[in-house]
Each structure stands twice: as C-alpha cells, then as structure tokens.
Amino acid sequence: MTGTLVFDPLLPWPVLYAALGLAVTGIAVALWRGLAGWWLRGLTAAALLVAIANPSLQREDRAPLPDIVLAVVDASASQRIGDRPAQTAAALAAVEAEVAALPNTELRIIRLGDAPDDEGTLLMTALAQALAEEPRARVAGAILITDGQAHDLPAAPAMPAPVHVLLTGQDSDWDRRLTVRNAPAFAILGEDVTLTLRIDDEGALPADLAETAELTVSVGGAPPQKFSVPTGEDLQVPLRLPHGGMNVLQFQVAAVDSELTDRNNAAVVQINGVRDRLRVLLVSGEPHAGERVWRNLLKSDASVDLVHFTILRPPEKQDGVPVTELSLIAFPTRELFVEKINEFDLIIFDRYRQRGILPASYLENVADYVRRGGTVLMAAGPEFGTADSLYRSPLADILPVVPSGRVIEEGFVPAMTELGRRHPVTAGLDGFVPDKADAAALPPAAGDAAKGPAWGRWFRMVDVQATRGQVVMEGAGNRPLLVLDRVGGGRVAMLASDHAWLWGRGYEGGGPQLELLRRLAHWMLKEPELEEEALTATAQGQTLTVTRRTIGDTPGDLTITAPDGTETTLPMPQTAPGRHELVWQAPDMGLYRLAQGDLTAVVAVGPSAPREFEQTLAGGSVLAPVVEAGRGGILRLADGTPDIRTVREGRVAAGRGWIGITPRNAFVTRDVSIAPLLPAWAWLLIVAVLTLAAWLREGRR
C-alpha cells in the first residue's frame, strides 16, 4: 500500500494563481506598514488557498510482479557437434535450478534451431522476438547458451538488463575446413575450367599436425583422384568436364581423428557442361524425300555445325560431261575421315551405300572412332540389304543388326517395345497426341494398331535381325525398327527405315519425330539425363527428390547417408515404366550420399558446407558488443556452470564463476482510493483560528 498527495481544486487554477498573487501583495503591504500580525495574515491566506486547492491522499494497492529471465538455447547444427549437446543440457538444467531459487523470478526458455535458406544462427532475432513478447519493465536479464556463432548481429535488440553468454565447446578444439572460393555455373566441354579451393586449419592445432592435407577429387562418375595439397593457401584446380549437362564435382579432405568435425571437409559443385558447337557430319546417299528433313532438323539448331555431303555422282558414272563444267564439290574424303574425324560429335549415314568413294580403310577409321567414344547414327533404306550395303564393310563390327536382304513395304505404326517403354530415349513418347483434325483423318488401321499410339503410319522398313543392343521400337510384324548399342566407349543407333520424314510432315497426324531424334542425339552424346541406368537427386529447400531410371528389374532399396553419418534405408515406388521416385524430407542441411546397388550419387541440401559450419570453433568475440552494452559476461561452460545473483542496475553484472540479473521491482495496481487530506470544517477552523490570532495580535498592539 502506497500513498500519493494529489490536488483537485475547487476553483480553476488560474483563479487560484490570481488569488495567490493578491495574497502576496496584501502581505507585502502589511509588512511595509509594519503590522505586527503580517505573518499570521500570510498563514491565513496560505491555509485558505490550500483548502481551495483541495489536497487529497491517493492510496494504491500494489501487487509485485515477478522478474523475467530470458534463456535462449542455441540448438542449431553447429551446437550438435561433439559434447556440446550434453553441455547445453547441463547448463540449461543448472540455470533453471538457479532461477527457481531466486525469489519472485521466472524463467522463459527459447529454443533456436537451424534457420531456413542457410541464413545461419539467428540468435539475435530469437532474442528480439522473446523480448517483444514480454513486458520490458519485467525483464531482469538474458542468458544465451550457445557456441557464440551468431549471423544476425545487426538484429540485436536494446536490452533493458544484462545479457550473458554461456559458451559451449572446449579450449582445445580445432577444426579443418574446405572452402570452394570460386566455381563457375557453366563450362564448355573440352576446355579446362579452373576452380579455387582453400583448406584452413583453425583453433588449438596439434603440435604434430602436418601442413598438408589429402584432397580427393571426383568428377561425375569417374574414379576419384587423390592429391596431397598444402593448407592455408588458395589452390587452383583445373578440371575438364566429362559430359554435357549437369556435372557433379565432389571435393573431400581426409578427416583427422582429433578435429572437431568433418562436416565441413567436403563440398559439392554442380557445373552445367555446354558444348561450344555440336559438330555433325551428315553423309547422304541417293536423294530421297527424307533427306531434307534431316538437314532442316540439324540446321534449325544454331549451336550445330553441320557438314553435309550428298553423293550425287559416283566415280563410275560416265556421262561425257567435262569435269571442269561440273557444279559439284569433290568429296574431301581424306580430310573428313582421316584428319578431322575425331572432331565430329556425331556422324550420320542417311541411306548411304558403298559406291567406291570411301575406301574400306576410311570406314575402318569410322569403326575405330566409335570404339574410342564416337557416335554413329545409321538411317537405313532399301540399300542396306543389298550387296553394296554398309553392312558389307568394316562397319559391320559395330552394327547391332544383320540385314536379311528383304524390304518390307506395307503400312505400319511404329510401336515401342516393352524395353522401349522404360528406355529414356523412347519412354513417354506414347503420350504424343496429334491434332484433332489430323486424328480424325487417321485410317482405321492406324488407330487400331496393336501397340502403337495414335501416330501416323510408315510404309517401308528394312528387315533386320538384332544381334545385340537394345530394341526400343518395332515396326511391321514386330521387326526391330530402332536399335541402340554401346561399342567400346562409343554408341551406335540403327533406324531400319527411311520414312521418319512422314512424321515430320504431319502425315496422318504425324508423330514425335523431333522429340525422338532429339533424345536419340542426346543419348548418343552421353547426356546424363538420357542414361538407361541413373540415380539422380534434386533438393528444393530441405525436400529431397530422388529419381531412379532403369531398364531392368525393380531396383532394391535406397540407402541415404546423412551429413552426420546416419543411414536411412527406404524403398522407391515406381511412378512410370522404368522410373522410380522418392520424395524425402531431409532432417539437416549438408551433403547427402545416395547408394542403390552399384549406383551412387551425392546431393547438397542447402549448400554442401552450410553457413553453420563456416566457423565451428566456439568463441565470444561476435557477441561481445551485445554483452558489453549491459555489463554482462561471457563464460565457458567447460570451466563450470556459473551461479546467478542479483545486482543493482548499472553495476557490473558478471564475475568469476557468477553472473547477475537486475531486479526490476515491477508491480500491478489492484485498487486506488482517494480521500481528502482534511475535512472542510477542519480547514475552516484553521482559517478562523489564524484570522482571530492575527486580529488579537494587531488589536493588543
């Protein structure tokens, strides 16, 4: 219960001020004239003015409010290293016990996890939010249990009480960190790309620690390579991408037993490999309707350098026309098939037959080109079953089919085989639907084909027998139509028909010619997205999408190895023929390793080296400005959990083995009462007594 004197004047304050001035003037005149009772006159006037001012005593019934201590517990990824979780739990339990022993004090616990989008530890943001939820007048202090790594220092609030930091970790901690300082997003195939790496050792380094580290570099699916590199220096690493599309580059430093963590010893860089120019050699035989389709398809891509030769005049042709009058270019056979054959990314033989222009040795060069990693696409026509077929040349060793010599000339709808429905080159092509107008014009035979979707018909194919490779499309009588094969390091595709141009012209609704040939070219150029057996993963936030493509049986379970080494085994449901997909929520950010049978992959959820692990050593330098503003303290939990005391506001709030909070003495007013200081009759009595005393004093005199 507290009391306060308040005034509720019976007359307005200006009237009181005027009366006060008049009273002072009268007393001054009485003093000037020497009246003996001037001071009694003054007391009378004062008593009268005070009575008019109506003084009252206001009493408040106050209930004290408990002080609040904020405890922010850092539970981010860097706080889960080593014995830090145990230190954090023990420190929090001790703080709870200490605060519970203090009179009229409550504890608010705020737990802080990993921030989204790799923003790091938002310690100050959590403190500001906790402060905003509590009355500032009751906050007696804040205790931060953390490793000292905060990434939002500008968000620190103006605290009305001391802030203390209880540091986890040990003084003897040290750590090795791998950093990718510079990596491009794109690189041209066939050219070196240089990445800048750095390996740093920090903390209380062991005396016997070597100044070099073992660096493992893995590019794509190639076997990893190991190098001994110095630490504390920028390393320029030149690399050459093995294939187009997304290339995953892995860098890892061998862990040392005594280092704090190996979570920051690895990094993943994804570089998109692009071809500067796609060099294609198209060799056409006798002119036919589909020749222009091939040329238009290849010339429509500005990134394709096309060299196209059509053999119009074989050497044996004798028509009497002088050579000087021929408007033809001599076929540079030696330049193309000997000197520059390795410069081409793809060679296409379109209805080409042996006509004495290309010697057997040149065709043998083409076969060797494929074995060394080159690619050949053969679009066959009726000539493939004749005596001058390319099958009767050294190319027979790399071809996956044997011609019977028969040519099938009847309408048929190309259809995917069971393998073709799973193969990435042809999977999903049956989803192509022609325009309604074209579909209405389809003859019944096209719509009723046993396997084919609503595609237009072809009318000619070569009868071949597949001896190896993968038959992904069939033609008339279930004969092989499109066969894919691997030969040495290269690839061969055989299309046993020259009527693909009908799709390009929209005959009977057409078909997915452009998509089929695009996929076929990408498969032959070894693009990763067209590989038959592939395990890929993408991350959106912390949602991991794993895709498995296979042309075989159902694959086994997927094993996911988290950044902390824990393994999770999950089945992969089938979403389409030859395609299995799994969506999984990753618990932490970092580098995840995937394994399924012989296939492995890596994916970085967030960055491969999260911001949490840029600095893993515990220290208070980052939070020092926030602590010093309230004269708080930074203490290591390794030295023992400090006691908690109460200190007066403005005093030093930390010392050896103790930290202090400032009592705020906050209260809530439950009741207010107001009573006059004196009753009216008492004021009248006082004024009358003083007036009588003044009259008697002056009358006796």
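## Basis of the report

A residue is called buried when its relative accessible area is under 20%, exposed when it is over 50%, and partly exposed in between, using a 1.4 Å probe and protein chains only. The model is predicted: local features need pLDDT of at least 70, side-chain atom pairs count only at pLDDT 80 or more, and totals for chains, interfaces and linings use all residues. Residues are numbered from 1 along each chain as its sequence is written, and side-chain values use heavy atoms, with hydrogens and water left out.

## Thr 146

Thr 146 is buried, because its relative accessible area is 0%. This residue belongs to strand β5 (residues 139–146); strands (E, at least two residues) and helices (H or I, at least four) are DSSP runs numbered from the N terminus.

Contact means heavy atoms within 4.5 Å. Leaving aside residues up to four places away in sequence, Thr 146 touches several residues, including Asp 74, Gln 79, Leu 123 and Leu 623.

A polar contact is a pair of N or O atoms within 3.5 Å; within protein, one must be able to donate a hydrogen and the other to accept it, and residues adjacent in sequence count only if both atoms are side-chain atoms. The Thr 146 side chain forms one of 2.9 Å with the side chain of Asp 74 and another of 3.3 Å with that of Asp 147.

## Helix α7

In helix α7, the buried residues are Tyr 362, Leu 363, Val 366, Ala 367, Tyr 369 and Val 370. Elements covering them include α6 (333–339) and β17 (346–350). Just after α7, Gly 373 has a positive phi of about 125 degrees.
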